[in-house]
Amino acid sequence: MNFRFVCAQWGKLSMLLGTLLAAVGVLFLLIPGEQGVMLDAAELSLLGSGGGAAVAGLIAWMVCKRATLIEVRPISGSSEAVTKPYRMSRRDAALVTTGAWVIGAAIAACPFLMWATLATDVAQDHPFHSVIDCYFEAMSGITTTGATVLSDIESLPRSLLLWRSLIQWLGGLGILVLFVAILPGLGTAAKKLFRIESPGPDPEGVRPTIRQTARRLWMLYLGLTVAQIVLLLSTGMGLFDAANHTFTTLATGGFSTRNASIARPESLSAEIVLIVFMVLAGSNFTVLLAFLKGRWKAALGDTEFRIYLLCLIGGTVFITAALVGHSEPLVLTNGTELAASGGESLRAAAFTVVSQQTTTGYATFDFDIWPFAAKAMIIALMVVGGSAGSTAGGIKVIRIWIALKVLWGELERFFRPDVIRPLKVSGHVIDHEQKLNVMTYVLGTFLLLALGAVIIMALEAETSGCTFTTAATTSLATICTVGPGLDAVGAIRNYGWFTDATKIFLCFLMLAGRLEMFVIFVLFQPRFWRGG
Amino acid sequence: MDIILCGGGDIGSAAAETLTLAGESVTLIDPDERRIKFLRENLDISTIEGSASSASVLLSANVANADAVIATTDIDEVNLVICDIAASLGAARTMARIDHSMFFQDEQLDYASVFSVDRLFSPDRVMASGMASWLRNPAAIAIEQFTGNEIELQQLTVDPQAQAVGQRLRSLAMPRGARLAAITRNGMASLPSAEAAVEGGDIVTLVAERKVFPAMRNLFTKGTYGKQSIAISGGSPSAAWLCRFLSDRAFDIRLFEMDRNRAEELGEKLDWVTVINADAADPDVFAEEQLHRVDAFVSMKSDEQNMLACAYARRSGVKNVMPVIRHAEFKPLLKELGIDRVWNPREDAVQAIQRFLHCHEFEQIDGFFNDTLELMRLRVGSQSTLLGQTLATIGDTPPMLVLACEDGDGTPFVPGGDLEINAGRHMIVLTTTQKADEVRKQLDVGGSR
């Protein structure tokens, strides 16, 4: 382990995020508000936090940058010593990644805390007075979970609201992907970081350099962002709301600028735009790139993409039927009651299924009062999640598919142990190692889900009377980075009521879910720290 | 003809033997000194010890004046390279033995033209295609494939309830590229006229291009057979070819391969096949998989293993057992075991080589008709009195049916009445035994090109 090297990377990251923070502050400073060009508390805290983070990062980098080079000493005295770049080990990469997210969330939390302290018009019991609440909000943002501690979102200054959406947008594609795409001098280390942050079965074989890949992904992400903002504007949404919702849609995050989440947007077309872009954000980006290059056949032939769409359509049909059959009135998240007509049910089902399966977590209707079958389907889709190589969370469609195929294959091996039945996904054979990897991941996720539920229950049962449904869906909604669950964390509730201990634990679950577990848990493996 | 054979293995030596018997002059190249010595002593050929992919070796075999260079080593890539080099050194025609399906199926590249090979041939593929025809047509009495397996000739018994029964032939909607060649009634075979009609119990001889054969066959049989289950023992290249020829819903295939890696490779390539990593001839496995209930048991391992496995399968009650036997000498032994039909890739390979060389100006094909009709493969000579006439104008004088022929670029087809008789054209012709000599004379069979 080369701690100095790791610190130098963290320093660079800190500078990057600090600069962005300050940039948002400057942007709002330059936009004349009602008071004219004036530095208010929110802008000051953005600038201050940004500057602080950048300076701290710079210091860390200055102190540690020598570790990024190693000196190769000559054996005999005749030739001079030369330096070459330090080659990052897997352990360094794991530590850089996990640390980057922990530190990133901390930096992102700073302006919230600073604003609550500086601003005069903030209520005494505002959640942002608490360090833990601020950190939870930031972690929930950067991991694209979208769980919030705030009940009154609309009272937050617009600059902070934008920052809150922006950290989701950054966390969506991955802060290290940004790091890899922008910063030079990483070399092969970039590959390690990229793979750790965006793991999962990768069907694509030959690729250009990792830096080009990262850049292409960012270009696509930016392109989608611009497209969605324009489309939302054309449906009648204001620029500020359009931008914020775009940031959190594409990251499959789910932070909204409104107290009642999306509820009823400006128009049906706005709702359709949101649905379409949530579906896109939950698709594998390499499939989207294939579409853009006109390779329709390859893109449509992708097994995961097909199953993903099938899940979305199947879930929508199922829930529409359940709602129509139930024939109770549907309640919007802002409290309006609507009759459960066919069209209204379809609209409710489609938005909720897409939002929950892509792990975005926007809510239009309060699905907590829906019939049990509909809720069970929503929960199942949350576990499945989006596609690998997307910004979505969950176990991922491809893993579920492989795991089911392995199970099905094992059934045949029960009576025909010598049969050879290779598992193919989109024409590629999944070998034993990959199968084991997938099964381990699925098992690990389920273990963590169960363990998470039990620990939340244990932490909360006495203090807040949390039900098991709440605890279980909280565990699920954080690990799969969805946001809303059922019962006390349902579509019209928030996470503010949890105790501090639970919030810290939830931060851990969200991070574990976003980084797909392994990289977090290796830090608990004693051998990771021993030797070298 | 001067022929250079590269590779003195199974196929090379068998081809050398057959070709020398037919009077050709053969030069055989092989790097193995002992093999060369053995062949030189036992065959009337000239031999060169060395690598056939070396230009100097090929030149010393006088490649520039050779009529054909045939590469038969068991490495595909070596065969391709030999042909490429031979062609650039001036060989008239080249032929390469290819075992790997990649070289046949690749849509990106025509390997034959890249390597200047006039014909690729795969003994395994030819044999597997023959086996597949038998499996597809359980009712057939006899099957023959012509010209690169694209045209098939079959004899089968007409079902009394079949669609064609009682109809005049000219009112029967036969698919394009298909033809009713002969009707055998009460042991008497005859060329059918347009006014004739088939009856239940007749044996009909059908000729059709491969893709329309099932449609043609269904006119004379009751149509579909149920799903057939097939067990294949041994995952040789020919087994893979057989699986490919049978890749549709009509077949449920189990392929047994002992070698784990090979089994996995096959499993990846043939995902419609159930690959099992076990020995089908092992009585425990046989019982566990209930192989006595399969419709066909195909054995594609070594001769000894195939004989044993097929005898066991036959004894266990499998009706259709299909052994691959490389040594023709073992055939009588199999007859004693109750197995009449065996498949021999070596014979198929030699036949493919012979057809490539067009050794046969004329060949009588036996085994289909008794004395009344005669089936022959022939080449039209330049002195033929029928040159320039179409089949329609020739009519019944002399009485003959052209069942198959090749067009300019070697693609085989079943001709209609508008086919024109040209000198040098290769044809499969059916005629009556009485008029056979007259037909041969009028077509100037064996005459100059």
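Predicted model: local features only at pLDDT ≥ 70, side-chain atom pairs only at ≥ 80, totals over all residues.
Student: How many residues of chain A are in contact with chain B?
Tutor: Eleven residues of chain A, in contact with 15 residues of chain B.

Student: And what area is buried between chain A and chain B?
Tutor: About 1000 Å². Carbon and sulfur atoms give 48% of that area.

Student: Which residues in chain A lose the most area to chain B?
Tutor: R416(A), D418(A) and I420(A). Together they account for 51% of what the chain A side buries.

Student: R416(A) again. What does R416(A) form a salt bridge with?
Tutor: E289(B). The closest N and O atoms are 2.8 Å apart.

Student: How many salt bridges between chain A and chain B?
Tutor: The count is two. There are also six residue pairs in polar contact, with both residues at pLDDT 80 or more.

Student: Which elements of chain A each supply at least two residues of the side that touches chain B?
Tutor: Helix α16 (397-415) and strand β5 (419-420).

Student: How do the residues of that side divide, nonpolar, polar or charged?
Tutor: Five are nonpolar, one is polar and five are charged.

Student: New topic. Which residues form a nonpolar patch on the surface?
Tutor: V55(A), L58(A), I59(A), M62(A) and V63(A). Together they have about 470 Å² of accessible area.

Student: Where does V63(A) lie?
Tutor: In helix α2 of chain A, residues 41-64.

How values were computed:
Residues numbered from 1 in each chain as written. Chains lettered and ligands numbered in written order. Heavy atoms only, no water. Patch = residues over 30% accessible without salt bridge, like charges linked within 9 Å, V, L, I, M, F, W, Y side chains within 5 Å. Areas by Shrake-Rupley, 256 points an atom, 1.4 Å probe, with all protein chains shown as cover. Salt bridge = Lys/Arg side-chain N within 4 Å of Asp/Glu carboxyl O. Helix = DSSP H or I, 4+ residues; strand = E, 2+ residues; numbered from the N terminus. Contact = heavy atoms within 4.5 Å. Buried area = accessible area lost by both parts, 1.4 Å probe. Polar contact = N/O pair within 3.5 Å; in protein donor to acceptor, adjacent residues only side chain to side chain. Nonpolar A, V, L, I, M, F, W, Y, C, P; charged D, E, K, R; others polar.
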